[in-house]
Amino acid sequence: SSNGSGGPRRLSRALPFGRSHGRLGVSSSGRLIVPAPSSQEKADPQKTAFLLRKAWTLYSVTPLYRFRRGRLRDYARLLGAFIAAEKQKGLAVEVGVELDIKVALSSLADLRGSELDQDALLVQLSSRSQASSKNSEDKVVWSGWFCSVFGDDLSENVPEHFTCLPLFLTHGAESYTSLVGSWFQKTFDCCFRRLAISPLNLSWMVAMWAGCKLDRAASAVELVFSVPRLAQPLDISYAIHPEDAKALWDTVQKTPGEITQEEVDVFMDCLYAHFHRHFKIHLSAAKLVKVSTGIASAQCDGIVKILHSQYLPGVLMLLTELAISQIQ
Amino acid sequence: MQRSSRARKQPLHAHHKSQTDLSAWRKGGTIDSEKSLQSHQSANDQKYDSQEESLEQALSYFEKVQDCVALKKQSVPQKHLDAVESTALKQGLPPEGFEILLNIVLSGKFADTVNTRLLKSLIPASVIPEDSVVKAVSWLCVSKCSGNIKLLFLKWLITMFDYIDHKEQLHALYGIFFSFLQDERLCPCICHLLYLLTRKEHVNPFRIRRLLELQARMGMQSYLQALLSLYKLFCPEQVTITLPGKMKTYFKNSDGPWKAAITAVRQRNQGPSSLSQTLFLGTAQPRSRKRKWNAQLVIPASSANTNNLEDDREKCFYLYSTNESFPLEQLHTFPQLLQNIHRLEFPSQMGSVLTNPLLLHYMNCVKDESIYLRLYYWMGQMLQEECTWCMVDNPYEEEFKSFLETVYKAECFLQEGFSACEEFLYKTLPLWDGFCCRSEVLRLLSWIPLSSFSDIKSYLYDPLAQLFFTSSIYFKCSVLESLKELLQNWLNCNAIQVDLESSSLNTTLSGLVNGVAELVRFVGWISTVGLRLENNSMLLLYFILDFYEIVCDMYLKYNLPLLIMLPAGIFYPALLSMDSVNLNQLCYIMYRYRTNLVAAKENELCKKKMLQFKFSDQTYQVYNQYIIAMVGCLWTSSAFQKDIHPQGLHMDDELLSKTAVKELRNSFNIVYHPAMMGYSIQFLQQICPDDTTFNFKLIKGKKWNWYLEYLYTQGLKGLKVFIESSISRVSQASCNKAGNAEA
């Protein structure tokens, strides 16, 4: 039930898929674009709507050891007690009593790509309202989710008892991220690392996303550069009309369905040349720190915001790939 | 001097030393930790000696004090008090000091100011004996001291609770402590103490009633609620009141002045390697510095896998598991490991095995892929996240060093490299400056496994060669040392495999031979270039020959059908070396080459069961050329004529005569060789003490033989075995010339 007509189907093909990883995670230069799987089209946008338009902080996570889908309620109970205990700084805490932070763990069935992908896992912390009136809704103070979209590179090599959900996204106070992360590390013997996005990958993102057509009027394509080695920090913002960006990309891309490093380089070089013509500044000497398009925005320090539900799987696929290359 | 004469290493002996070291490193063993504590302190010993004396005097003074004493400046008690204070803050107090000092403090012999100062100095160096605390409680009951001191003592007791060696008698005093609840001032502290002491059997209706009465009298106090909720947890049927579910801090922070002092004392006593020490005892303290939550280089303490306890039991994950698994926290000795090996489970975080030799032993027994995979992921992420030369501005180099050190020790213990570590090295060597964590990184190199993976050249050798050529001579020597260890590890691992599975030999053997050959050639190449860069440095040559000491013996010692001669670029600098150590070592190496080649030839001839192979004729040819050059130099004084190696010493007579050097022909024999000149001079001085002309020509005939004996007694054992094996002497009586090479 994808909204829009005609366009979306072709566009959903334009989602990037994982580069093949060498033994040392050295990636080849081309990304294959494969047809989107059917599951993606069945996805109910309502269920994942809350993931959109929020700034998510990215982490990579190594496979979880002995994680059991059937025990989510127990995990929630234990995690809740852990959080309470940490806040009490070492005093004994009774497991199962009412605590001021409520923990909920649930599966997000719609967020997966291939057959090998596990369902995404959502963790939500909510605080009981002080008024303690029964019908007032608990307020979500922190949320985080683990997911894998076409994470086959990782999951096909992993034996039984390991669950691969290499991408972890959080929204909320860092102190809660730290508590939840610590508990997962202790319980499932996994490791979390912040997932930074290199300027190279940011340029991939802007090229790929600039080429996607959107149904409604989209916001500008914006690139933010930071100029190194200056006494005062200087950021340069470079905004392009989305239709111009798409037109440029269309002239650059040779084979529909595939993107190569060369094409991305040409696309960026065109943008740089244009900027230089007007401002006499070589942007290629600055560091690309943020890109935003109508589809998503991403920052080099690993914070993304996804704007369009239709492209949610595609963006997650790319991020899963980045997370896996950080693990392997 | 006597390198070749020292006991030759047998295969596998190389690392036994560190293995025993590690097993001596018993988990939580108090003896060992004290021992290492001592060794860390050795530097400070002298400083502390005088301090210990004054502490002893102070303690014996306080032990004997009878009556009330007033404290004046410059007085005797003041001096002793200062001694106690300074020792306590620096090293902590020994266990035996506590009874004496607690006696003084709680008996009210001194003024409160003194008691307070003494109480504040009660910092344990190791543990606090339970007896001293029990006696202190009895003083508390007779109320000789003031309320302030009582309160401070209770706070001290709460802070030190974990340092008391046993607690059984304290538990027996539960009722006594409970009776102190009536003192309103002490009540919060007593509640906290009871909270720490309470066990299920302590909860009874009388005590519950008493607490409820107190609550009625004093209102809802958090400390009373804490104790009540604990009682309710133990006996929900007896405590029927509803307690507010909302948690808040029950007890005010009563750490008092001690916590910081304890930490400081611990750190000082444990010395620089406090990381591994604390880990080892399984009591890893959170780092004082603020770190990212996900990237602390703290190796987790080993604790049972709580995640599995509940649901895997019926699954019988380990086939012969009984229904009870053995708690890892209680695993301290090797016998315990043996008795419980069938009911052990790996810790919830595999990283913790690194610092636990018992678990490393266990890991050796259990071959389960998931163990290695968990370790692989954890270690890989740790190494990447904390790598000081990959991450900009990472200030934690010392920690990273000690982490690398821990990984290396574990590898030595397991006699096996970790694949995460291998990948880390391949990824980061091209970025490495060769300086940061140098010795740690180079040691890790030695555990890179030999694999069929053919890219070792581009991942390891190329970046290493670049660093080698551009770094100092010390770096070059360290690299050679590591590569020697690497070669030895490969050969040892193979020796084990050959023993275990002789059937699959053919498949692995060619891979091994190729890998080893590639390594030996690589070292030959960088050594040749390195010697030229460093002007034939003796030090560098020493390390190079050390490597070849293994290479020349690979056939006999490691059953490897491979012998690679050392390149001429190493052979000739060693032969003409200015120092006797290297010359002697070269003689030893050539002797071992000979022994190996002869053995190979014999096996070839009689077609024994030894691995069927044939060294190329070229190996024999090069060997013979070297031997001719060596014998020509050292013995027959004919090197310039007889040397036939293309890079050798051969020179026309005509050219030689132009040099106008006298006695040119024998200038490299064992009398005139620059490396041997010192010996020949000393020898001459011994046989003709009156002759100061140094007439070297005297050394011939019978004296030539004496000279040889003299050299052998000077430790030139390599020269001895070389001469005895490779030079056939025409007649034992008179022979200072003839002699020829065999083989």
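This is a predicted model: local features need pLDDT of at least 70, side-chain atom pairs count only at pLDDT 80 or more; totals for chains, interfaces and linings use all residues.
Rings of Phe, Tyr and Trp (its six-membered ring) pair if their centres lie within 6.5 Å; planes under 30 degrees apart count as stacked, over 60 as edge-to-face and the rest as tilted. By that rule A:Y59, A:F67, A:Y75, A:W142, A:F146, A:F168, A:W183, A:F184, A:F188 and A:F192 form one aromatic cluster.

Residues are numbered from 1 along each chain as its sequence is written, with chains lettered from A and ligands numbered from 1 in the order in which they are written.

**Confidence and domains in chain A**

pLDDT is the predictor's confidence in each residue, from 0 to 100. Chain A averages 82, and 80% of its residues score at least 70. Residues 1-29 of chain A stay under 50. The model gives that stretch 67 contacts (heavy atoms within 4.5 Å) beyond four places in sequence. Residues 32-41 of chain A are also below 50, with 29 contacts beyond near neighbours in sequence.

Domain bounds come from an automatic or database domain assignment. Domain 1 of chain A covers 52-194 and domain 2 covers 197-300. Their centres, taken over C-alpha atoms, are 34 Å apart.

**Aromatic pairs in chain B**

Over all chains, the structure holds 45 aromatic pairs. One of them joins B:Y572 and B:Y626 edge-to-face, at 6.4 Å centre to centre and 90 degrees between the planes. Helices (H or I, at least four residues) and strands (E, at least two) are DSSP runs, numbered from the N terminus. B:Y572 sits in helix α27 (residues 568-575) and B:Y626 in helix α29 (residues 617-634) of chain B, 54 residues apart.

Buried means under 20% relative accessible area, exposed over 50%, partly exposed in between (1.4 Å probe, protein chains only). B:Y572 is buried at 7%, and B:Y626 is buried at 2%. A tilted pair joins B:F683 and B:Y710, with 5.6 Å between centres and 45 degrees between planes. Here helix α32 (residues 677-687) of chain B supplies B:F683, and helix α33 (residues 702-713) supplies B:Y710, 27 residues apart. B:F683 is buried at 4%; B:Y710 is buried at 7%.

**Salt bridges**

A salt bridge is a side-chain nitrogen of Lys or Arg within 4 Å of a carboxyl oxygen of Asp or Glu.

In chain A, a salt-bridge network links A:R71, A:D74 and A:R77. A:R71 is buried at 10%, whereas A:D74 is partly exposed at 28%.

B:R117 is partly exposed at 26%, and B:D82 is partly exposed at 35%. B:R199 is partly exposed at 28%, but B:E201 is exposed at 57%.

**Cysteines**

A disulfide is a pair of cysteine sulfur atoms within 2.5 Å. The count over all chains is zero. For A:C191, the nearest cysteine sulfur belongs to A:C190, 7.0 Å away. A:C191 is buried at 7%. For B:C587, the nearest is that of B:C633, 11 Å away. B:C587 is buried at 0%.

Terms used:
Side-chain values use heavy atoms; hydrogens and water are left out.
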